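The sequence and structure are shown first.

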Amino acid sequence: MEKILFLAHTQTDGALPRIALETLTAAAELSQNLDGSTLAVGLIGEKVQAAADSIAGCGASDFMGVEGKEFSASRYASDAAAAEALAREAGATLILAPGTPRFSRTLPGVTVRLQGRVDTHVSGLSVSEGELQIQRWYYRQRMVATLTRQQRPWLLLFDTSVSRPWEGESGSASIRILPVEIAQNLQRTQVAGIKAPPAEAQTIRPDAEVLFVAGAGWTKKQADGQAHIKEAEKLILDFINLKQASLGSSKSLVDQATEGQEVLSCMSRLNQVGQTGSTPRHPKGLATCCHGEEPHVVGWRFVNERRAVNLDPNCGWAQGKTDVLYVADAFEVISKLNELLSK
Ligand SMILES: Cc1cc2nc3c(=O)[nH]c(=O)nc-3n(C[C@H](O)[C@H](O)[C@H](O)COP(=O)(O)OP(=O)(O)OC[C@H]3O[C@@H](n4cnc5c(N)ncnc54)[C@H](O)[C@@H]3O)c2cc1C
């Protein structure tokens, strides 16, 4: 009989992050599908009652928490102690947790303390013949594996968008707060503050509806024999800000910085999508001025609806890699789009 523990930490506002609510949906469904299993909730944060209340109707038979000032910010030593205490108290055999940076850093170490096994980047789960199976991608999202494990406890860190966010009844959860002492030597790491770029400079938005990918074509000579880099940058950033889209790039475009060419200042390596870049998840994607080559397109694996704008009717997108290809000048298309969006 599996004892399932949904493990989560709060955000600074005391609420649970979206990815935690998605993981809760997976945990609640798993407990319904695994005969004889039980579901418990374990929360970590400065204060956890409000978060527990917000998910009171999730079907868990036990709510536990570790709270206090020492647990407000991400720190390996205190988070590991809290997660270990919750896992041991629950006697958990399966621990489902969101793959936040905070937990991705901590839970593999907790697994060693519990003598369990951990799988990160879980992208799906199912129950077959009474046994949990998970999905995970390998080789830069080219091969998907379905796997199961005998070892317990089995810790699972979930990627975003695997399930829809949990949306059940809130209420008043009766939560047991576990006493976890954090000695001074476990508090050597202190969070002094957070440095983040201003909102308008933040172009990577994992929760955006649209992923806008710019390619090297934006910096190439156009029909008038000139490159129009400043104009390209303004069109791209206006679109990103008007649509609150996330900005991706092809490798060729970000490589230009290292090749000494004039570049789009809004682009960095972090924006690169593809085989050697990222594989973001968004409902829609729009590729502009990029060719649609395989190593680039592999980054679009989890984008549901794909469209591309390219001058070349024989570009890679035209070989079945996009739902809709507009054979058109991206400068004209995005300029018109921005005009419509700003109305
Ligand atoms: C091992 C390996 C790993 C790789 N990993 C990645 C990766 O992770 N990510 C990645 O992106 N690439 C990757 N690549 C590189 C990839 O193969 C391509 O070279 C790259 O994606 C091409 O970038 P691009 O389409 O922006 O540029 P180009 O191929 O130069 O295409 C520019 C396009 O812009 C179009 N264009 C020009 N002007 C306009 C206009 N006004 N309107 C509309 N269209 C216009 C042109 O028709 C052309 O199709 C990898 C390659 C290898 C070998």
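Helix H5 meets helix H8 through Glu-231, Leu-235, Asp-238, Phe-239, Leu-242 and Lys-243 on the H5 side and Phe-331, Ile-334, Ser-335, Leu-337, Asn-338 and Leu-341 on the H8 side. Residues are in contact if their C-beta atoms, placed from the backbone, lie within 7 Å; helices (H or I, at least four residues) and strands (E, at least two) are DSSP runs, numbered from the N terminus. By class, this contact comprises seven nonpolar, two polar and three charged residues. Here Ala, Val, Leu, Ile, Met, Phe, Trp, Tyr, Cys and Pro count as nonpolar, Asp, Glu, Lys and Arg as charged, and the others, Gly among them, as polar.

The model is predicted: local features need pLDDT of at least 70 and side-chain atom pairs count only at pLDDT 80 or more, whereas totals for chains, interfaces and linings use all residues. Residues are numbered from 1 along each chain as its sequence is written.

The packing of two helix pairs is tabulated below. Axes are lines fitted to C-alpha atoms, for helices over the stretch in contact, and angles run from 0 to 180 degrees between N-to-C directions. A crossing is left-handed if the near helix is turned anticlockwise from the far one by less than a right angle, and right-handed if clockwise.

| Helix pair | Angle | Axis distance | Crossing |
|---|---|---|---|
| H3 (residues 76-90) and H4 (residues 101-114) | about 55° | 9 Å | right-handed |
| H5 (residues 229-243) and H8 (residues 330-341) | about 40° | 10 Å | left-handed |

H3 and H4 are therefore oblique to each other, given that angles under 35 degrees count as roughly parallel, over 145 as roughly antiparallel, 65 to 115 as roughly perpendicular and the rest as oblique. Among the residues in this contact are Tyr-76 and Asp-79 of H3 and Arg-102 and Arg-105 of H4. The contact of H3 with H4 has seven nonpolar, two polar and five charged residues.

An open sheet is formed by five parallel strands in the order E12-E11-E13-E14-E15; strands pair if DSSP finds at least two bridges between them. The twist averages 20° from one strand to the next. Within the sheet, E11 (residues 210-214) and E13 (residues 284-288) run parallel and are joined by five bridges, with Leu-211 opposite Gly-285 in E13.

The domain assignment, which is automatic or from a database, gives domain 1 (3-186) and domain 2 (199-342). Their C-alpha centres lie 36 Å apart. Five residues from domain 1 and six residues from domain 2 make the contact.

How values were computed. Two residues are in contact if their C-beta atoms, placed from the backbone, lie within 7 Å.
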